[in-house]
Amino acid sequence: MNVKSPTQPATVGPALSDRYKWVALSNTTLGVLMAVINSSIVLISLPAIFRGIKVNPLTPANVSLLLWMLMGYMVVTAVLVVSLGRVGDMFGRVRMYNLGFLIFTVASIGLSVVFFTGTSAALTLIGLRIVQGVGGAMLMANSAAILTDAFPSNQRGTALGINVVAGISGSFIGLVLGGLLSGIDWHLVFLVSVPIGIFGTVWAYLKLREIGVVTKARIDWLGNITFAVGLISVLVGITYGIQPYGGSNMGWSNPTVLVEIFGGLIVLGAFVWIERHVDAPMFHLGLFRIRAFAAGNIASLLASIGRGGLMFMLIIWLQGIWLPLHGYNFIQTPLWAAIYMLPLTAGFLVAGPLSGYLSDRYGARPFATGGMLAAAVTFALLALLPADFTYPLFATLLFFNGFAMGMFSAPNTAGIMNAVPAGQRGVASGMRSTFQNSGMTLSIGLFFTLMVLGLAAALPASLYHGLVQQGVPAADATRISHLPPVGTLFAAFLGYNPVATLLGPALHGLPASRAAVLTGRQFFPNLIAKPFMAGMRVTFYFSTVMMLIAAGASWLRGKRYIHDDSLVVEPTTPMAVSTAAVNGTAVSAPRRAGQICTVAISASYGAAGEAVSRAVAQMLGVQLLERAIPVPVADAMALPLESVLTQEEDRYDGLGALFANLSRSVGPLAPSSAPGMDFEETGERFRQHTEMAIREMAKRGGVILGRGAVVVLRGDPEVLHVRLDGPAEARIQKVVALQGIDEETARRDQRHTDRARQAYMRHFFGVDGSDPSLYDLVIDTTVTTVEEAVGRIIEATHRVRARA
């Protein structure tokens, strides 16, 4: 029996060649890179796009168009990745990934041929961006799951590291690419994705194949709808919260925004209730009982909230202050801001694959936690910089900030994906992306809010006095100084001359020399530098705190954890199972070589061992030998087990209690007391007679639950060894829900039963019954249904060849 290390399980299905792994890694990296580049390429190209379609995005009537062009793609991907990941689990991850490539490419073609102008052009672009977001969500939801399927656990960190870093660095590559292409023609911003999309689509359809576990189930329509409505409502509320409302600088007091956010939260609460009660939930809340999965996603959410708005703030800093102070025209600043931010990308590129590789050997926790701590330090140091900084120092801090983020992202993703069952990888990948994308959107809203709060305290007075000194009438200076600061931020972000935008027609009434000073490269940067940096430092301190909390969450993931639910034997050709029915009872015929008629199952308390074993026996048409001591064994021993083992309970911890419980499961035993009986002799005789019963069953075929059958039959090539398990807390909650007992009773029974079963295995066989290396298949039944577990066991009996 070719058993592999539990920390390096093989994949289900045929052994994968290195060439296929390279194809999977290259194609998914290309897909994610394209999807992420298109989330940022538009940011830097917005001035050219709005000029091209002849729409002024800063007029009050058009601010909504600006916000949707800015945020729509991210909102759609954040909402859909979980649903599309779950659909990938149900119908095939490669199938959904390929479809995503196709949809994304078609939408890119549509975006590149919008040649009309006006509001209708803006709405068309927004609509097609949403379609593009659907394709991007399909790519992002399934790419990590495809790689997790293709690579064994000792290589996943490296593969996912490359994939994740490509995605994160893609956001900065998009800035540079957008700046270069939009300077030629804004249509090229979308056209550049077309040849890449066509190539990637054809390549994926020809080369990628379905190798993951596909779990057929009904689509959870109610869950999908409530999740989409709730999350869209919250994210749209955050988006409009950035927009001024009435006399307020922001929109957080807008009743519509409040209804959207709090109404969305209520709908999301209903979604959680629905997911806890449907048979095939879209969002497997049970996955959060897996410590590594829950801690990794919480850390990812906190990290995204802490850094999601960083790119916007850095762009505004560079475009609105630093670049003009160093001789760049405002219209040139978008491209150069992207170029000067490249050290951030370089840090990601260096750290991501390296930390991913190291996490394969040492686990995710030290690198992910260390990355968050290092990021906190870099944010704190960035807060100390002046507005007109020295670039080498700024570049160094950006590099190490990117290095720290890359050090976190790759191991964290590998830790999350390693922790989930194979059948849940699509939805797990989608959940990871949802936390990340939602955190990014929330971060943008929070960063803009914190920045505006910082500006609102000092900008009006600074702006008023600066304008009056340059001859602007007091009435105009008062009006302009009381405009919402967010308009100034958006003007700087879009590469517009903020003062020219704010003054508007009033600029023409000033002497040419005064107008030149006001619209020159020095006036606005010097005017805004002090209040801007006050707000900027608030955002950096906020990021520092979020990174520290994320580090704590990351540390709580525990030591290295790999959910080993794959077959750890070399896969083989399908086999048949012969059964016969005698007097209405399914009985197995004697085994013939090449058949698997015997399944040895070990189960912890609350892992549905009895239900799964009975169902497997019924489907295979064989007998079931349960944990109860068979009457022939009791008769052969003719010993008062209950009395003897209860007397020796203190000596053998839970072992005696287990035997006592077992003895209650049989027919009449010998007299209730036997003074002076030797426990060692009794236990050894019990073991011998039980082994005889197990081996007799194995000769004819059957399903054997517990009693050390996995050890007794170890080495038999025609026996499938299965372990049913799950996190202790999750098993307790499952027992409470299914059996209707109180939690205290379930907790006591779990502690007693698991301890007794472990003692039994240690005493008689000298092994740890929970050791994954004893089994061909390990299933976490707290996150899978009985039907899914039975299906996987039945499938395994047809995949394992004769190993005699």
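## Asparagine 401

A residue counts as buried when its relative accessible area is under 20%. In this predicted model, asparagine 401 has a relative accessibility of 2% and is therefore buried.

Asparagine 401 is part of helix α15, which covers residues 391-418. Leaving aside residues up to four places away in sequence, asparagine 401 is in contact with Leu310, Leu344, Ala375, Thr378 and Phe379.

## Helix α7

Helix α7 consists of 15 residues, 193-207. From its first C-alpha to its last, α7 reaches 20 Å, which is close to the 21 Å expected at 1.5 Å a residue.

The buried residues in α7 include Ser193, Val194, Gly197, Gly200, Thr201, Trp203 and Ala204. In an α-helix there are 3.6 residues a turn, so residues three or four places apart point the same way.

## Helices α8 and α9

Two packed helices are described by the angle between their axes and the distance between the axes. For helix α8 (residues 221-241) and helix α9 (residues 255-275), the axes come within 7 Å and the crossing angle is roughly 155°. Angles over 145 degrees count as roughly antiparallel, so α8 and α9 are roughly antiparallel to each other.

The crossing of α8 past α9 is left-handed. Sorted by class, the residues in the contact of α8 with α9 are 15 nonpolar, 7 polar and 2 charged.

Notes:
Residues are numbered from 1 along each chain as its sequence is written. This is a predicted model: local features need pLDDT of at least 70, side-chain atom pairs count only at pLDDT 80 or more; totals for chains, interfaces and linings use all residues. Side-chain values use heavy atoms; hydrogens and water are left out. Helices (H or I, at least four residues) and strands (E, at least two) are DSSP runs, numbered from the N terminus. The expected span of a helix is 1.5 Å times one less than its number of residues. Buried means under 20% relative accessible area, exposed over 50%, partly exposed in between (1.4 Å probe, protein chains only). Axes are lines fitted to C-alpha atoms, for helices over the stretch in contact, and angles run from 0 to 180 degrees between N-to-C directions. Angles under 35 degrees count as roughly parallel, over 145 as roughly antiparallel, 65 to 115 as roughly perpendicular and the rest as oblique. A crossing is left-handed if the near helix is turned anticlockwise from the far one by less than a right angle, and right-handed if clockwise. Ala, Val, Leu, Ile, Met, Phe, Trp, Tyr, Cys and Pro count as nonpolar, Asp, Glu, Lys and Arg as charged, and the others, Gly among them, as polar. Contact means heavy atoms within 4.5 Å.
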